[in-house]
Amino acid sequence: MRFKQLAIEGGAKAVKQTGSYPTKIHVDELLELLDLWEFPAATRKTLATAIRKSAKEIKGPHLFRYYNPRPSKVEAAEKKFGKFIGVPYCLAVNSCTSALIAAMRALGIGKGDEVIVPAYTFFATASTVGACNAIPVIADVDDTLTIDPKDVARRITPRTKAIVVVHMLGVPAQMTELKALADKHKIALIEDVAQAAGGSYRGKMLGSIGTIGCFSFDYYKILNSGEGGFVTTSNEWLYTRAQSWHDCAACWRPNRYASERREGELFCGENYRMSELQGAVALAQIRKADKILNGYRTAKQRIVAALVLPRGVKLQRLADPKGDAGSNLVIFMPNVEKTKWAMKAMQAEGVPAGGIYDAKVKDWHIYTHWDHIMEQKAVAPDGLPWSGVKKSELPAYTMDMCPHALDYLSRSVIIGVNSNWRAADCRAIAEGINKVLAKV
Ligand SMILES: Cc1ncc(COP(=O)(O)O)c(C=O)c1O
């Protein structure tokens, strides 16, 4: 066989043009997405027919945020959310768990360090400390159900690198006191805003007050994209490091393949990237954040204004009532028996009431159920994070180490507010609560 002249040497190209094929992700996937929205059958059929009919003209999506030939939804969501929170740097990630790890790694937290977390929070706040090979130190909460600055002060040691303050149940924590403590000890203040996106403290948005903020956009949160999260900060260096950690090989620094500008810019990270699917949903949610928050706040205010509290019954104390996102209403009852009864009686009235703590019922939001920490479990034979400090320096993890958390949480009736409730719904909910409280 005679070899033809190579194209590189001026010969004819072997591949002049390939056929025109649909993109990797095309109309089948779009139709699958339609089903997530549960259209009426006739609408679904009309849409499917129209989509299939114009399949040739439809260009498929590019669901990876980088290398995207179109404007990235993830990038747009970052810009919009950063503006909403009031910070210059905002990084989209795939969960708040990822956001917390990226934040701690950005801060350089690792083996032998201690990070203070509240006794009442979703377990991820504490587990991520361990995942960074650091030691979670658990501090009590007070009648705000957020971390008690006085207990935090007692638990600071020379190994403490950060405090994670959690704005639990949509309410702002006591930021003035916590910020003063963090500044005094020159340690970072990480805000876990998973449950309080859009909340504020003394006029400043939560997630813009501490060193770095971490948000969740999972399905159950105020704003959601099914799964997702954001890291917010005013510190360019922390943003750069969080961004590097979230994209395994520190790929997307200002100059992709350049050597590091400063020590600490290159390291082995993980992959927490948000997909364009999540980015698109998150962007739409952020656009209507004010409306959603207004719905929660108005509903909660209407209910609270109509409540008649008998002696011995109190509402959760709010560090800043104006900054409350309004997603939950917590009523403290005089004792555990009355709490259990009131919760059931309110449910019977149609009020979506629940209890928070029952020692016998497993709940990942209360430290006594965190077996992973209480029993110091490790993922590998190296025994980390627990082996990272001397045994004598490990905190004593005991069931009764945060007595106020157990007391308040076992006397709490919690009502999840719905942002769509109208005035009549709020009146009915308040009436249901009042009927029960009158019998306490
Ligand atoms: C206070 C708190 N922190 C962190 C998380 C973790 O968020 P994600 O599910 O996005 O990882 C949650 C989720 O429930 C949470 O409530």
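Modeller: A disulfide is taken here as a pair of cysteine sulfur atoms within 2.5 Å. By this rule the count is zero disulfides. The model is a predicted one: local features need pLDDT of at least 70 and side-chain atom pairs pLDDT 80 or more, while totals for chains, interfaces and linings use all residues. Numbering runs from 1 along each chain as its sequence is written, and side-chain values use heavy atoms, with hydrogens and water left out.

Biologist: Why is Cys402 called buried?

Modeller: Buried means under 20% relative accessible area, exposed over 50%, and partly exposed in between, with a 1.4 Å probe and protein chains only. Cys402 has 0%, so it is buried.

Biologist: And what makes Cys426 count as buried?

Modeller: Its relative accessibility is 1%, and therefore Cys426 counts as buried too.

Biologist: What does the largest nonpolar core consist of?

Modeller: A nonpolar core is a set of buried Ala, Val, Leu, Ile, Met, Phe, Trp, Tyr and Cys residues joined through side-chain atoms within 4.5 Å. The largest has 66 residues, and Phe81, Val152, Phe230, Ile303, Met346 and Ile433 have the most contacts inside it. At least three of the core's residues come from each of domain 2 (73–288) and domain 3 (289–364 + 404–437), with bounds from an automatic or database domain assignment.

Biologist: Which residues does Phe81 contact, leaving aside neighbours within four places in sequence?

Modeller: Contact means heavy atoms within 4.5 Å. Phe81 meets that with Cys90, Phe215, Phe217, Leu223, Phe230, Thr232 and Ile286.
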